[in-house]
Amino acid sequence: MGNVFEITWYGRGGLGAKTGAILLADAAITADKFVQAFPEYGPERMGAPLKVYNRISDVEIRLHTAITHPDFIIVIDPSLLQNIDFNEELKDNGTILINTDNSVEEIRSKIKLGNKNAKVYAIDATGISVKVLGKNIPNIAILGAFSKITGLIELEEVKKHIHEKLMTKYGKDIINKNIEALEAAYKEVEK
Amino acid sequence: MGKYIALTGAESAAFAMKQINPDVVAAYPITPQTPVAMKFSEYVANGEVNTEYVTVESEHSAMSATVGAAAAGARAMTATASNGLALMWEIVYIASSMRLPILMAVVNRALSGPINIHGDHSDAMGARDSGWIQIFNENNQEVYDSFIMALRIAEHPDVLTPAMVCQDGFITSHSVENVMPLTNEQVQKFIGKKKFKGLITADKPFTMGPLDLQDYYFEHKKQQHEAMKKVFAVVEEVQNEYAKEFGRKYSVIEEYRTEDADTIIMGLNSVMGNVKTVVDSAREKGIKIGAVKPRFFRPFPVDYLRDLLPKFKAVVVLDRSDSFGAMPPLYSETLAALYGIENAPMIKGYIHGLGGRDTNLAMIETVVDNLQKLKDTGEGNLTFEYLGVRE
């Protein structure tokens, strides 16, 4: 089957996790990868917890099933941290990216990691988003950090797809601010 | 070679519709079909198609408007799911009785009640006797390719029968995957000009579908059956041409690692990707197992199955719908197809994934174990049970 890289996003309706996952898939396709981006749908409502998944692979992806043990967990809403059992869920030597204003050491000590061998990264995506966009839509900043951490997607590709996907809906001003957030997070996350 | 783009299953259907550029689309939104209608209406609003989009007030009206347009000779399409298909029921039968080559994107979803918005096949299976061709699709690429081939099949003069292009609600409809579309020119060249000119014209007005009692109704029904019998010959021709032109080869029944298999798992739509994955891991353990995926449920590929299945010792059939008080549809029709054949395999059925419950790899692994027991001891032969349900 080849190695499929699996990502689970933990978010809430309205924070842009789904758009983030789709942009990630778009950018990975241009890097000649096979991708999936799909949400786990409950009743859809603003503010409700939700999971979104990505698969990225060098070969065709046949699986159509939820991801239970991802290589990478993105927590876009830190209020969900208490409910996530990273020790149980994350693959060994997996990676966690958390939207938080805590330092890596602080947040590491707060989450349910047990003795799991994992890399933890912290990015204040909400802080960046509020500063640049004036509101909390942290998904694009998360992608900036993800790009730097994994090298799986190129920043330029993400920018291109932000333009293509979001320009009609949001207009130039919002797009430019999102790109600013993307770049800021890329710079800020400590690898 | 084309280029991959990222599309959801719903967008794949809408993209194929855009490239076909139908004369009329009438659709009413219902989860999880909504993004098909939404995306297509965006194409209309942007002037990317010449289609007249009829914003109807219900699915009953959607199918009615589609029937009217098709009867006047338009290439007409619609899309629906679940209760939407249930609401258009009456006209679904009328479309096929009038032999109108309509295409419908069906995003399979559980029927109420209680309300469930997720994927299973109870909607399409309910419509299995409605006289429509039914094509089932594992992934987004298949949805796209099937749509384009379905047009040629439905409009073929030997067939003139409407077709549903089915996919699993949310599982593929809302999942972004790699899809390699054709160019608009390739699609237009492949589908060609519409040969079916329609029955109602301005200078020759007449009534369609009036009263048809004991005198001719029976003959007309038999004609529908005769048309269905001709479908697979047309399918073979269209599939071969598609493969020749575009390099993507489809078959009425897809076989996966069946060459030396003594057991196989059979099923429809997205679950078959999971089955193939489990087949690969079982093969690594030396189990001679394969997967068999009928792409058509209507017409039912009886002759194909009678040729193929006796090669195996034991078969498991997965159904994503139930038939309360009877055997589930794919299982029961497969059993019926095998009746009286020498060397027919042992066979067992599972009902799985109702209301969108995830049929995960662990569940399919237990199916593989039980399938080996069936092969070795006959345990479970001619029975069916539920997979992944709480007792």
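## The largest cavity

Helix H7(B) contributes the most to the lining of the largest cavity, with 4 residues. Keep in mind as you look around that this is a predicted model. H7 spans residues 140–155 of chain B, and helix H10, at 231–246 of chain B, joins it in supplying at least two residues each to that lining. The residues around the space are Ile135(B), Ser146(B), Met149(B), Ala150(B), Ile153(B), Val235(B), Gln239(B), Arg295(B) and Phe296(B).

How much space lies in the largest cavity? About 40 Å³. The count of cavities of 30 Å³ or more comes to 1. Sorted by class, the lining of the largest cavity holds 6 nonpolar, 2 polar and 1 charged residues. As for how such spaces are found, rolling a probe the size of a water molecule over the atoms shows where empty space is left.

## The nonpolar cores

H7(B) will come up again here. The largest nonpolar core has 105 residues, and Phe147(B) and Ile148(B) touch the most other members. H7(B) gives the most to this core, with 9 residues. The core also draws on two domains of chain B, taking at least three residues from each of domain 1 (5–245) and domain 2 (254–387). In soluble globular proteins, nonpolar side chains tend to be buried together.

Beyond its neighbours within four places in sequence, Ile148(B) is in contact with Ala16(B), Gln19(B), Ile20(B), Leu182(B), Val187(B), Phe190(B), Ile191(B) and Tyr242(B). There is also a second, separate core of 45 residues, and its members include Ala28(A), Phe72(A), Ile123(A) and Val158(A).

## A buried strand residue

Next, have a look at Val315(B), which sits in strand S13 (residues 314–319) of chain B. Is Val315(B) buried or exposed? Val315(B) has a relative accessible area of 0%, so it counts as buried, the cut-off being under 20%.

Which residues does Val315(B) contact, leaving aside its neighbours within four places in sequence? They are Ile264(B), Leu309(B), Pro345(B), Met346(B), Ile347(B), Lys348(B), Leu371(B) and Leu374(B). One of these, Pro345(B), is 30 residues away from Val315(B) along the chain, yet the two C-alpha atoms are separated by 6.5 Å.

## Backbone points to check

Most residues other than glycine have a negative phi, and most peptide bonds are trans. A few places in chain B are worth a look with that in mind.

Two cis peptide bonds follow one another: the bond from Ser112(B) to Gly113(B) is cis, with omega near 5°, and another cis bond joins Gly113(B) and Pro114(B), with omega about -10°. Gly113(B) lies in the loop between strand S5 (103–108) and helix H6 (122–126) of chain B, and Pro114(B) is in the loop between S5 and H6 as well.

Ser82(B), a residue other than glycine, has phi near 45°. It is located in helix H4 (residues 82–87) of chain B and counts as buried, at 0% relative accessibility. Phe170(B), likewise not a glycine, has a positive phi of about 65°. You will find Phe170(B) in the loop between strand S7 (163–168) and strand S8 (176–179) of chain B. With a relative accessible area of 6%, Phe170(B) is buried.

Conventions
Residues are numbered from 1 along each chain as its sequence is written. Chains are lettered from A and ligands numbered from 1 in the order in which they are written. This is a predicted model: local features need pLDDT of at least 70, side-chain atom pairs count only at pLDDT 80 or more; totals for chains, interfaces and linings use all residues. Side-chain values use heavy atoms; hydrogens and water are left out. On a 1 Å grid over the protein atoms alone, a cavity is a set of points where a 1.4 Å probe fits but cannot get out, and a pocket is an open set with protein on both sides within 12 Å along at least five of seven lines; lining residues have an atom within 4 Å of a point. Grid points are joined across faces, edges and corners, and a volume is the space filled by probe spheres set on the points. Ala, Val, Leu, Ile, Met, Phe, Trp, Tyr, Cys and Pro count as nonpolar, Asp, Glu, Lys and Arg as charged, and the others, Gly among them, as polar. Buried means under 20% relative accessible area, exposed over 50%, partly exposed in between (1.4 Å probe, protein chains only). Contact means heavy atoms within 4.5 Å. A nonpolar core is a set of buried Ala, Val, Leu, Ile, Met, Phe, Trp, Tyr and Cys residues joined through side-chain atoms within 4.5 Å. Domain bounds come from an automatic or database domain assignment.
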